[in-house]
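Please read them beside the model.

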Amino acid sequence: MSLQPDALRSFQMCIGGEWTDALSGNTFDSLNPATGQVWAQFPDADERDVNCAVDAAHTAFHSSEWRSLTPTARGKLLRKLGDLIAENTETLAQLESIDNGKLIRETRGQVGYLPEFFYYTAGLADKIEGETLPLDKPDMMAYTIREPIGVIAAIIPWNSPLYLTAIKVAPALAAGNTVVLKPSEHASATLVELVKLAEQAGIPKGVLNVVTGFGPSTGAALTSHPLVRKIAFTGGAATARHVIRSSAENFARLSLELGGKSPQIVFADADLESAVNGIVAGIFAASGQSCVAGSRLLIHKDVYEPFITALAERAARIKIGNPQADDSEMGPMATAAQLAVVEDFVARAKADGARLRLGGKRPDMAQGWYYEPTIFECNSNADYLMQEEVFGPVAAVIPFETEEEALAMANDSNYGLAAGIWTRDIARAHRMARDVHSGIIWVNTYRAVSAMASIGGFKHSGYGRESGIDSVLEYTERKTVWINLSSEPMADPFVMR
Ligand code: NAD
């Protein structure tokens, strides 16, 4: 089946199991990045809608329908949801491609793998265990229980909405929480569809809700709501600061998956053809709109010139085109604003004296927010382009001479999300993996993802980890239970026991 991007679609929100418009009746438009035209409308939720959604999630959290489900039964619901996603892969992939301009070949791959996150997490639901504690007090025993936290606010950006939602919603529900989902105003469609599938899977009403709208209104109302007990946020650093302030009001727990300026380090002994392809994948896939974009290229001086030449040749052959076409290799930027950000970065890099090796302009296309793959040679790791996240198809390159120099430059960044190491020297690969400050290290590969592997950042790239075996524990509270084993009466009330 093929969706018609030209037919205007209208979506609703799901609050407490009811499909609804905003109480105000207001809607907002979502634009197709390949055409710049309106393709869908969504309810513009205000504080009243958010209050209804959080109330519904809070009621569902305390309902016997949800609380009496065994962890195994919760796992079965998640498995069913994974099956339904698998059955609807093509529709979801097309919707996401139309909504955020991502290549259909990438959305098919991402949505095709999505059920694995639900299956893996479903299996964890009944393996959330407590511990008995080996106390230093002979007349006491103590054990721990892991309990769900409560209402979770999941705040999602536009670049990979389904994937970034799956790694929050699956563990949150597996642990017994309830969720209010807030998609990006630029890419809400697939998350609304996901909630429909959750309903079909039999997940009780109010357990998974979705409110659509803008960050400063809908998002801020949700993250500052007193009944929200945890905020799982993925997005930019500036927004994260607002979210941290909101969380402070109510002491809500917080996980932050933010941006990056991830280094790709190519040593002279690397398989250079693989490294070229890995670097193209890292910075030009998804038009660079990826949190793990390998945007800082550190290349050993002995291979620097031939490597940059080969990279520029390969990047110049990238087929830019309609993201819904099977043979396109790079689609548009997701928003006109993001295209303007890329153009500002390019202008500043030129003003700073960086040498343009490729791109640096929009391609000759009749419509849409496209930008060419762009490569700049920088003068210093301190350059603005080497330090700041573009979130677009712009690579900043610099040579290095020694491993120590490469390591120092790799770590000289506020960010620490991912890094690529390209070498055939196994000892060096492990040294770099140990010493580079980032949450993900890829050796002789890039952008590999698995339900079993955690993601998350160091420094300004955020805190908390998603995906992997510990992800479910991030959605639990640990409680310690003390039992007095003595049959003696408690005598002195004024001593510590
Ligand atoms: P963004 O920060 O602008 O928006 C993210 C979400 O926050 C959206 O849903 C938005 O509506 C909401 N929001 C905005 N203001 C808010 C407020 N005051 N209160 C509450 N919510 C608010 O990010 P974006 O432009 O959608 O995405 C790009 C950014 O996301 C980049 O920096 C990128 O690196 C980062 N990102 C990180 C990861 C990761 O896993 N580390 C993954 C994808 C994207």
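1. A polar contact here is a pair of N or O atoms within 3.5 Å; within protein, one must be able to donate a hydrogen and the other to accept it, and residues adjacent in sequence count only if both atoms are side-chain atoms. An oxygen atom of the ligand lies 2.6 Å from an N or O atom in the side chain of Thr239. For the side chain of Lys182 the corresponding distance from a ligand oxygen atom to an N or O atom is 2.7 Å. A polar backbone atom of Ile156 is 2.8 Å from an oxygen atom of the ligand.

2. The model is predicted: local features need pLDDT of at least 70, side-chain atom pairs count only at pLDDT 80 or more, and totals for chains, interfaces and linings use all residues. Numbering starts from 1 along each chain as its sequence is written, and side-chain values use heavy atoms, with hydrogens and water left out.

3. The shell comprises 29 residues, of which Lys182, Glu185, Thr239, Leu258 and Glu389 come nearest (near: a heavy atom within 4 Å). By class, 14 are nonpolar, 11 polar and four charged (Asp, Glu, Lys and Arg count as charged; Ala, Val, Leu, Ile, Met, Phe, Trp, Tyr, Cys and Pro as nonpolar; the others, Gly among them, as polar).

4. Helix α8 gives the largest share of the shell, five residues (helices are DSSP runs of H or I, at least four residues).

How values were computed. Helix = DSSP H or I, 4+ residues; strand = E, 2+ residues; numbered from the N terminus.
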